[in-house]
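Thanks for asking me to look this over. My notes follow the model, one topic per point.

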Amino acid sequence: MPRKPKILHALRVIRKCLGHTQASFAADIGCSTITIQRIENGSLRISRKLANLIMEATGADPAALRSTTTGKAMDMAGHKYTKSSFKFYHKGIPCDPKEFRYLALTLSHYMQLMLLASNRGGQLKMRAVFSKIQESFVTIAAESRLKDGIHNYLTENGYVDRRKYRVSDLRKFPEFARIIGYRDDKRFRPSKIIPYNRPKGWIPDYILLESPVLPADADMKLIPNVSYFIDNERPMPEELRRFVEQALYWEIKEFRFSFVDPPQTA
């Protein structure tokens, strides 16, 4: 006869309610069996990331999972967790276009209020708040495993920057080469051109300084005495777009993962 657990953790209640073994529950969530075992016996606290993954799979309240070891498993509606909680979460919560628009507009409204209020404190404060919002988006996307889906959506719908890089540059910047999925073939000539469609519209997780290399007969009809800066977060002026579309390839000048990291230069 199995021994009664010393504590009745909320996670154990949810797992038993859904008829899972520790191994099958771990596989469903995407973690190791030993992680589930340690959480249930009280030797490991659930991380925010794991609590959100459990919520996504079961409809359990992540805050309750992280704050209690008393067996008080709650659902997202604030009720005691039951099989009905699971069914409602997966079938009862609307996911139609109307609900999608409501959620998108609500989030947009919240962000506008934060930026409007912070702008009253000056541009520096607004920039700081903007950066914090971006950081929270990156964290949510990572914890919910959304980054690949975001990039796939952008690529499928044509929201990309079309780039060409020389093999010689990719060899100088191997970390960037890894990001774009380039595997070095030593047989390639240094001058070989590698095309890449970079998703455009999501927060980049690296900083790349690059410039287009143009043919000798390039049509350079830019506005005189105007400085141009290519920023992935803003639309490119039409005259600059025509200019960069003539590029033979893009020369990589500098790469780093963040501004606090030392730059990698050619």
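1. Helix 2 (residues 22-29) and helix 3 (residues 33-40) have axes that come within 8 Å and cross at roughly 110°. The pair is therefore roughly perpendicular (a label for angles of 65 to 115 degrees). Their crossing is right-handed. Helices here are DSSP runs of H or I with at least four residues, numbered from the N terminus; axes are lines fitted to C-alpha atoms over the stretch in contact, with angles from 0 to 180 degrees between N-to-C directions.

2. Which residues make the contact? Helix 2 brings Q22, A23, F25 and A26, while helix 3 brings T33, I36, Q37 and E40 (contact means heavy atoms within 4.5 Å). By type, these are four nonpolar, three polar and one charged.

3. A word on the basis: this is a predicted model, where local features need pLDDT of at least 70, side-chain atom pairs count only at pLDDT 80 or more, and totals for chains, interfaces and linings use all residues. Numbering starts from 1 along each chain as its sequence is written, and side-chain values use heavy atoms, without hydrogens or water.

4. Do look at the second largest pocket, which holds about 970 Å³ of space. Of its 23 lining residues, L107, F137, I140, A141 and L146 are the closest to the centre (lining residues have an atom within 4 Å of a point on a 1 Å grid). Helix 4 (48-58), helix 7 (97-119) and helix 8 (123-143) each supply at least two lining residues. The lining divides into 16 nonpolar, four polar and three charged residues.

5. Lastly, R145 sits in the loop between helix 8 and helix 9 (147-156). Its phi is near 60°, a positive value in a residue other than glycine.

How values were computed. On a 1 Å grid over the protein atoms alone, a cavity is a set of points where a 1.4 Å probe fits but cannot get out, and a pocket is an open set with protein on both sides within 12 Å along at least five of seven lines; lining residues have an atom within 4 Å of a point. Grid points are joined across faces, edges and corners, and a volume is the space filled by probe spheres set on the points. Ala, Val, Leu, Ile, Met, Phe, Trp, Tyr, Cys and Pro count as nonpolar, Asp, Glu, Lys and Arg as charged, and the others, Gly among them, as polar. Angles under 35 degrees count as roughly parallel, over 145 as roughly antiparallel, 65 to 115 as roughly perpendicular and the rest as oblique. A crossing is left-handed if the near helix is turned anticlockwise from the far one by less than a right angle, and right-handed if clockwise.
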